[in-house]
Amino acid sequence: MKQYGVNVKILQVDKNEETYEEEIVIGINTFKLNCFISDYLTEGDFVKGEMMEIQLSLMTTELDIINCGEKNIVSTEHFEAHCRLSGEIKEFFPIIYKYYKDGIWYDEEATGYKHGIVDCGIFVAVQIPKKSDLKIGDYVKAEGRLDARKVKKEN
């Protein structure tokens, strides 16, 4: 999914040392988004003022098909690190989870969900049930927790 990264500026970092979680505010073009970092120990610290490429994904709490060609994304007021977006599905990818067991890293595909890459002015990987009838070219409206991951630089 590397082709779906976005260049951002880190505007704010709030770190929780007990849970190894961070919330960051990123600047993209002329707008700001609140994002969640599930484990900065594996992702690496985010630094205020830093410019970087990240991938965004949305863990959905709401998902609906819409009949208009609207594309936008905004942070919500009622939950930190949540956003609401609308846009066009461009592609689908399996959701792969990494986990560490007995000294070895493993990849495992999620059983109930896949990612739909949604163009909402930027590209966001939106969590969609595998049983969904959504297809490439459909427009959706979604809300949920917006997660950010650093794009790993290949050697």
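This note goes through strand pairing, cysteines, a surface patch and aromatic pairs in a predicted model.

1. Basis. The model is predicted, so local features need pLDDT of at least 70 and side-chain atom pairs count only at pLDDT 80 or more, while totals for chains, interfaces and linings use all residues. Residues are numbered from 1 along each chain as its sequence is written, and side-chain values use heavy atoms, with hydrogens and water left out.

2. Strands β5 and β6. Strand β5 covers residues 72-75 and strand β6 residues 82-101; four bridges pair them in the antiparallel sense. Strands here are DSSP runs (E, at least two residues), numbered from the N terminus, and two strands pair if DSSP finds at least two bridges between them. Asn 72 has Ser 86 in β6 as its bridge partner. The two strands form a hairpin with six residues between them, and in the turn Ala 81 has a positive phi of about 65°.

3. Strands β6 and β7. Strand β7 (residues 104-119) is also antiparallel to β6, and 12 bridges pair the two.

4. Cysteines. The whole structure contains zero disulfides, a disulfide being a pair of cysteine sulfur atoms within 2.5 Å. For Cys 35, the nearest cysteine sulfur is that of Cys 83, 7.9 Å away, and Cys 35 is in no disulfide. The accessibility classes are buried (under 20% relative accessible area), exposed (over 50%) and partly exposed (in between), with a 1.4 Å probe and protein chains only.

5. Surface patch. Which residues form a nonpolar patch on the surface? They are Tyr 99, Ile 104 and Tyr 106, with about 260 Å² of accessible area together. Areas come from the Shrake-Rupley method with a 1.4 Å probe; for residues, only the protein chains shown count as cover. Patch residues have over 30% relative accessible area and no salt bridge; nonpolar side chains (Val, Leu, Ile, Met, Phe, Trp, Tyr) are joined within 5 Å, like charges within 9 Å. A salt bridge is a side-chain nitrogen of Lys or Arg within 4 Å of a carboxyl oxygen of Asp or Glu. Tyr 106 lies in strand β7 and is partly exposed, at 33%.

6. Aromatic pairs. A search of the whole structure finds three aromatic pairs. Rings of Phe, Tyr and Trp (its six-membered ring) pair if their centres lie within 6.5 Å; planes under 30 degrees apart count as stacked, over 60 as edge-to-face and the rest as tilted. Tyr 4 and Phe 93 are edge-to-face because their planes are at 70°, with the centres 6.2 Å apart. Tyr 4 is in the segment before β1 (6-16) and Phe 93 in strand β6, 89 residues apart. Both residues are buried.

7. Phe 123 is in strand β8 (residues 123-129), 119 residues from Tyr 4. Tyr 4 is buried at 12%, whereas Phe 123 is partly exposed at 29%. Ring pairs link Tyr 4, Phe 93 and Phe 123 into a cluster.
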